[in-house]
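Have a look at the model first.

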Amino acid sequence: MTAPVEIRVNQSGVDLVKKYPDQFEITKYPQGIQFYAADWGSVPNGSVVLATSAHNVTLPYILSATGNDDPNFASENIIHWNINAGITEADVIAHDDARKRFFGLLQSLRNAGWVRAIRLSEPRLKGKQALDYRQKENPIYSLDPDYVLSLEQWMTLDTRATWSLYSDHAYLDVSITRDPSKTDVTKPGAYFVEYALKSDNEKWRSVVGPTKRLHWKTELPAVLPQLAKSRQAAEETLKKENITIDEAYRDPPLPDLSL
């Protein structure tokens, strides 16, 4: 692999390019948004160091990484990263090896202080019950990073599956997709991993929606009770089905809404 590139939320694009002058291509759009893109499309793949104030985690087999800023929030610098990766440098891998490698990645993130983040509108479920809920009720429900799927469960993931995490004013979605033409457990498969890293503020702007993002601090207080109501309704329904709610779960802290 090539030398790793360190990324973090709210890092300066100027400093990024200065540190890695031959790695990132800058594209500026008419709206003033700048994209910083690096491509490792061929072997050897790249590696990215996901930096926080606690512990860093190295993400391997990176194919590309793209970050962007927003001139409406210029002081926040780069607010969003999309990182695409493989699970191995080879084109294919045994399904059970892919499973073990992926949950090893999740464990490295947990060891570095990342904790689970469930959408405020969604029920607090863990373990197998979170998996069952995703498969039966909500295909975009984020799974429990502390629950290691068996090979049989792993092979039932027929669409993109996501694990959502929070640490140090940043949110991270880790998603994995299997090549749908390679689902025979007795033959090698191919997998694609996506990491979506957002700053704390950018995450909450996405909660209020694109039309209100410029005034998200004044809009968010009105949205929060609606999200809580949706979660409560979902949990009450699940309790009637004897599904256990994870009462010990705690949401990540709310952002500073002072103007």
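With a relative accessibility of 6%, Glu122 counts as buried, because buried means under 20%. Bear in mind throughout that this is a predicted model. Glu122 sits in a loop, the one between strand S7 (115–116) and helix H3 (127–136). What does the side chain of Glu122 pair up with in a polar contact? Its partner is the side chain of Asn138, and the contact is 3.1 Å. Leaving aside residues up to four places away in sequence, Glu122 touches Asn138, Tyr141 and Arg231.

Leu59 is part of strand S5, and at 1% relative accessibility Leu59 counts as buried, since the limit is under 20%. Which residues does Leu59 touch, not counting those up to four places away in sequence? They are Gly46, Ser47, Val48, Leu50 and Tyr195.

Zooming out, the protein has 6 helices and 10 strands. Its C-alpha atoms fill a box of roughly 55 × 55 × 35 Å along the principal axes. Take the contacts between residues at least 6 apart in sequence: 60% of them join residues at least 24 apart.

| Site | Volume | Lining by class |
|---|---|---|
| Largest pocket | about 590 Å³ | 13 nonpolar, 6 polar, 6 charged residues |
| Second largest pocket | about 190 Å³ | 9 nonpolar, 4 polar, 2 charged residues |
| Largest cavity | about 30 Å³ | 4 nonpolar, 2 polar, 1 charged residues |

Start with the largest pocket. Its lining is made up of 25 residues, and Arg119, Ser164, Asp173, Lys203 and Ser206 are the ones nearest its centre. Which elements each supply at least two residues of that lining? They are strand S8 (161–167), strand S9, strand S10 (191–199) and helix H5 (200–208).

The second largest pocket is lined by 15 residues, with Gly86, Thr88, Ala90, Asp91 and Tyr191 nearest its centre. Strand S5 (57–68), strand S6 (80–86) and S10 each give at least two residues to this lining.

How many cavities of 30 Å³ or more does a search of the whole structure find? The search finds 1. Trp154, Leu157, Thr159, Ile176, Thr177, Arg178 and Tyr191 line the largest cavity. Strand S9 (residues 170–178) provides the largest share of this lining, 3 residues. Strand S9, for its part, contributes to the cavity lining and gives at least two residues to the lining of the largest pocket.

Definitions and conventions. Residues are numbered from 1 along each chain as its sequence is written. This is a predicted model: local features need pLDDT of at least 70, side-chain atom pairs count only at pLDDT 80 or more; totals for chains, interfaces and linings use all residues. Side-chain values use heavy atoms; hydrogens and water are left out. On a 1 Å grid over the protein atoms alone, a cavity is a set of points where a 1.4 Å probe fits but cannot get out, and a pocket is an open set with protein on both sides within 12 Å along at least five of seven lines; lining residues have an atom within 4 Å of a point. Grid points are joined across faces, edges and corners, and a volume is the space filled by probe spheres set on the points. Helices (H or I, at least four residues) and strands (E, at least two) are DSSP runs, numbered from the N terminus. Ala, Val, Leu, Ile, Met, Phe, Trp, Tyr, Cys and Pro count as nonpolar, Asp, Glu, Lys and Arg as charged, and the others, Gly among them, as polar. Buried means under 20% relative accessible area, exposed over 50%, partly exposed in between (1.4 Å probe, protein chains only). A polar contact is a pair of N or O atoms within 3.5 Å; within protein, one must be able to donate a hydrogen and the other to accept it, and residues adjacent in sequence count only if both atoms are side-chain atoms. Contact means heavy atoms within 4.5 Å.
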